[in-house]
Amino acid sequence: MDFRIEEIRNKRIWEDFLRNVKEKSFLQSFNWGEFNKMMGDKIWRIGIYKQQATGSRQQELISTALVIKITAKRGVFLFLPHGPNIKRQETNDRQQVLILLLEELKKIAKTEKASFIRIAPLWERNIKNIEIFKELGFREAPIHIHPELTWELDLNISEEELLKKMRKTTRYLIKRAKKEKGIEIIKSKDIKDIEEFNKLYRVTKKRHQFVPFSLNYLKNEFLSFLPDNEIFIFLGKYKNEIVSSGIFIFWQDIGFYHHGASSLKYPKIPVSYLLLWEAIKEAKKRECKKFNFWGIAPISDGVNSPSFKKHPWAGLTLFKMGFGGGSKEYMKTQDFILSKRYWMSFFIEKLRRIKRSL
């Protein structure tokens, strides 16, 4: 079979292909590429085409990959967030795509003076997929940039059924919030409200000790998805004061809870529960099939295990799990080393991971 690799610049071709991909996230959307360009990063939208039959001139687009050049103090590398995207998930197709893609990425990396290639695929974490990367010379990255473990909710049932499948406490707090005087949930597409979110986001950062995205980052993300009506800010007020907020992306048939922030000023007032429920209802209104709660802490040892309780995301994970659904675990982020300079980045990132208790 003959293959062809070329850069895709047509938004319709890119997005139409992704509609037929089962496992995907907005991190490979056309608009995420536009966001990265706004942030000053160089990007490539790579398409892999396969000849449909021997002697045929027709070629089918079988895979796409958004590639971002990351320039950091520790060095330069190429990054594929939640990619590559593959139409069919047979092992042979995955392996062939990765071989072809890697050769193309090596060429780009040489031109851009990148010391390594980092791929964070939305591929199921199983022996076959692990072997595909291992055989090509990849190694596990010391840190992940985007979720490898997520929590997802199936939206192909009624609101009543969704409520029934929630944790009893979560369902109760949503109902209580609806009756509570002074609680108001606002859905906004106003860029000014990013600043309101950011104020609360900084408060949350101090409490959970994570590295926050800049205001410029949040604004550019918002502006990248706004023209296609794919992003909203939800603001939760109590007594006219914003005490909870979230930025949600509704892309193709999935709703994403990408950023969240909250205040502990009124700990007994369940504003955050009602806010997230309103976002889930918005996803259903848009006929989304899934709602993705984004990253969660590892739960393989159980939520009562000491390792889970010590994790900085433990409380947030329990909050998300209360809405029903299930976990999805993907391949660990993979690095392909191109230069000895990689090891500087490796040790810096490993130390950061230890420091953050992740």
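The buried residues of helix 11 pack against strand 8, strand 12 (254-262), helix 9, strand 13 and helix 10 (306-310). Here helices (H or I, at least four residues) and strands (E, at least two) are DSSP runs numbered from the N terminus, contact means heavy atoms within 4.5 Å, and buried means under 20% relative accessible area, with exposed over 50% and partly exposed in between (1.4 Å probe, protein chains only). The buried positions of helix 11 are Ala-314, Thr-317, Phe-319, Lys-320 and Met-321. The model is predicted, so that local features need pLDDT of at least 70 and side-chain atom pairs count only at pLDDT 80 or more, whereas totals for chains, interfaces and linings use all residues. Residues are numbered from 1 along each chain as its sequence is written, and side-chain values use heavy atoms, with hydrogens and water left out.

The nonpolar interior was examined next. A nonpolar core is a set of buried Ala, Val, Leu, Ile, Met, Phe, Trp, Tyr and Cys residues joined through side-chain atoms within 4.5 Å. The largest such core comprises 37 residues, and those with the most contacts inside it are Phe-248, Leu-276, Trp-277, Ile-280, Phe-291, Phe-293 and Phe-323. At least two residues of this core come from each of strand 8, helix 5 (159-165), helix 6 (168-179), strand 10 (231-238), strand 11 (241-251), helix 9 (271-285), strand 13 and helix 11 (314-321). Helix 9 provides the largest share, eight residues. Beyond its neighbours within four places in sequence, Phe-323 is in contact with Leu-153, Met-166, Thr-170, Ile-174, Tyr-273, Leu-276, Trp-277, Ile-280 and Phe-293. Another core, of 34 residues, lies apart from this one and includes Trp-14, Phe-35, Phe-197 and Leu-218.

Ile-46 is located in strand 2 (residues 43-51). Its relative accessible area is 4%, and Ile-46 is therefore buried. With neighbours within four places in sequence left aside, the contacts of Ile-46 are Ile-5, Glu-6, Trp-14, Ser-63, Thr-64, Ala-65, Val-67, Leu-101, Glu-104, Leu-105 and Ile-108.

Charged pairs were then considered. Under the criterion of a side-chain nitrogen of Lys or Arg within 4 Å of a carboxyl oxygen of Asp or Glu, the count comes to 27 salt bridges. Arg-74 forms a salt bridge with Glu-349, with the closest N and O atoms 2.8 Å apart. This pair links distant parts of the chain, with Arg-74 in the loop between strand 3 (59-72) and strand 4 (75-81) and Glu-349 in helix 12 (residues 342-355), 275 residues apart. Both Arg-74 and Glu-349 are buried. Glu-349 also forms a salt bridge with Arg-118, the closest N and O atoms being 2.7 Å apart. Here helix 12, which holds Glu-349, is linked to strand 6 (residues 116-120), which holds Arg-118, across 231 residues. The relative accessibility of Glu-349 is 2%, and that of the buried Arg-118 is 0%.

A further salt bridge joins the side chains of Glu-152 and Lys-328 (3.6 Å, N to O). Because Glu-152 lies in strand 8 and Lys-328 in strand 14 (residues 326-329), the pair ties together parts that are 176 residues apart in sequence. Glu-152 counts as buried at 11% relative accessibility, whereas Lys-328 counts as partly exposed at 24%. Salt bridges that share partners join Glu-23, Glu-152, Lys-290 and Lys-328 into one network.

Grid points are joined across faces, edges and corners, and a volume is the space filled by probe spheres set on the points. The structure holds two cavities of 30 Å³ or more, and the largest cavity has a volume of about 50 Å³. Its lining consists of Glu-23, Lys-24, Ser-25, His-82, Leu-122, Thr-150, Glu-152, Asn-292, Trp-294 and Tyr-330. Strand 8 (149-154) and strand 13 (290-295) each supply at least two residues of that lining. With Ala, Val, Leu, Ile, Met, Phe, Trp, Tyr, Cys and Pro counted as nonpolar, Asp, Glu, Lys and Arg as charged, and the others, Gly among them, as polar, the lining of the largest cavity divides into three nonpolar, four polar and three charged residues. The second largest pocket has a volume of about 350 Å³. Of the 17 residues that line this pocket, Glu-148, Leu-149, Ala-297, Pro-298 and Lys-332 lie nearest its centre.

Notes
1 Å grid on protein atoms, 1.4 Å probe; cavity = no way out; pocket = protein on both sides within 12 Å on 5 of 7 lines; lining within 4 Å.
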